[in-house]
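Have the sequence and the model open side by side as you read.

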Amino acid sequence: MNKTYKHYIKNFLGLILLLVKIFIPYRKRQILSIYFHNPSPIVFERVIRYLTKKGYKFTPLNQFEEVIRTKKLDQKIAVITIDDGFRNNLNLLDIIKKYNVYTTIFVTTSAIEEGNFWFEFVGDKGQSKETITREKIRLKKLDENSFAIEINNLKAKTHLFRTALTEQELIELTTNPLIAIESHTVTHPSMPYISENAQRKELLNSKIILEKLTNKEVNYFAYPMGDYTERLKILAKESGYRLCFSCETIPIELNKLDVFSIPRRCVNDDAGYYEALSKVYGIWDYVKNKISKSE
Ligand SMILES: [Zn+2]
């Protein structure tokens, strides 16, 4: 299907879902936990402007941690996080300032050092999106040694321009009172597929590298691709993290929240307005999960 055509279809679907949502009981006090990767300023601003209009208060993670601890919430809050550490995130700074958006960037440290993320090396221009996705899934299921061999081969034959923040840019970001830098591992593996020794290294070394770079404590962690296990939650705690974020799209309920797998809803980089909003409210994934369960 043509890309633009697909974009319009998905956006129209988003609109339908939002209209359906009107018939679902609306809870006034609620927490929205939303994350982006490499959004265009247009996609980012339309979500932020909407949440601002709806009265959500953008809340930094240290305040969110306090809300979780006290279980006290007297207004609607939105927790905004951005995964990976793309250089294009710098284009969002004006919007972040304009709407006073406390934002956490979960950074993959090897990409900062080397310039790119492993998944950018996968696939050729001629391949379909589905083929590339299948290949990424195959790679992420390898153990750390096989994974490193395959990715190093891909890196050796592909030249990419830097897409990740540089160390200097990262350091400058830490002077912005609205931005926090937290951990998203060293190499962005799917953590359940690597050995426990490698898991510990990913958790600890990323923390050490970022704390040294930013001169600030790193207390929060986002699982790459949202993949985690019960054992990983324990290792994350042992590594000194206080909150860990997954990619589950269920609503956040303070009385039964697991701080080592806090749900987040993803707004994809190319989302249209209505598609983005139906994802923010969780209705998109709710319907998608229902459909895939019935198949
Ligand atoms: Zn990621």
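Into which domains is the chain divided? There are two: domain 1 covers 3–117 + 164–288, and domain 2 covers 120–162. Keep in mind that this is a predicted model. Taken over C-alpha atoms, the centres of the two domains sit 24 Å apart. Domain 1 puts 20 residues into the contact between them, and domain 2 puts in 12 residues.

**The zinc site**

Now for the metal. D84 (OD), H184 (NE2) and H188 (NE2) coordinate the zinc ion at 2.1 Å. Along the sequence, these donor residues follow the spacing D-x99-H-x3-H. D84 belongs to strand β3 (residues 77–84), while H188 sits in the loop between β5 (179–183) and α9 (196–214), so this pair links distant parts of the chain, 104 residues apart. D84 and H188 are both buried.

**Salt bridges**

The structure holds 17 salt bridges.

| Pair | Distance |
|---|---|
| E45 and K98 | 3.0 Å |
| R69 and E66 | 2.7 Å |
| E238 and R200 | 3.1 Å |

Take E45 and K98, whose side chains meet in a salt bridge. E45 is in helix α2 (residues 41–53) and K98 is in helix α4 (residues 93–98), so the bridge ties together parts 53 residues apart in sequence.

R69 and E66 pair up within one helix, α3 (residues 61–70), where they are 3 residues apart, or about one helical turn. R69 is exposed at 60% relative accessibility, and E66 is partly exposed at 39%.

The bridge from E238 to R200 runs between helix α10 (residues 230–238) and helix α9, so it ties together parts 38 residues apart in sequence. R200 is partly exposed, at 31% relative accessible area. Through shared partners, salt bridges join E196, R200, R231 and E238 into one network.

**Inside and outside**

Leaving out residues up to four places away in sequence, S206 touches T109, S183, T185, V186, K201 and Y241.

For the surface, look at F12, I16 and V20, which make a nonpolar patch of about 270 Å². V20 lies in helix α1 (residues 3–21) and is partly exposed, with a relative accessible area of 41%.

Note on methods. Residues are numbered from 1 along each chain as its sequence is written. This is a predicted model: local features need pLDDT of at least 70, side-chain atom pairs count only at pLDDT 80 or more; totals for chains, interfaces and linings use all residues. Side-chain values use heavy atoms; hydrogens and water are left out. Donors are N, O and S atoms within 2.8 Å of the metal (3.2 Å for Na, K and Ca); water is not among the atoms, so sites may look incomplete. Helices (H or I, at least four residues) and strands (E, at least two) are DSSP runs, numbered from the N terminus. Buried means under 20% relative accessible area, exposed over 50%, partly exposed in between (1.4 Å probe, protein chains only). Patches are made of residues with over 30% relative accessible area and no salt bridge: like charges are joined within 9 Å, nonpolar side chains (Val, Leu, Ile, Met, Phe, Trp, Tyr) within 5 Å. Accessible areas come from the Shrake-Rupley method with a 1.4 Å probe; for residues, only the protein chains shown count as cover. A salt bridge is a side-chain nitrogen of Lys or Arg within 4 Å of a carboxyl oxygen of Asp or Glu. Contact means heavy atoms within 4.5 Å. Domain bounds come from an automatic or database domain assignment.
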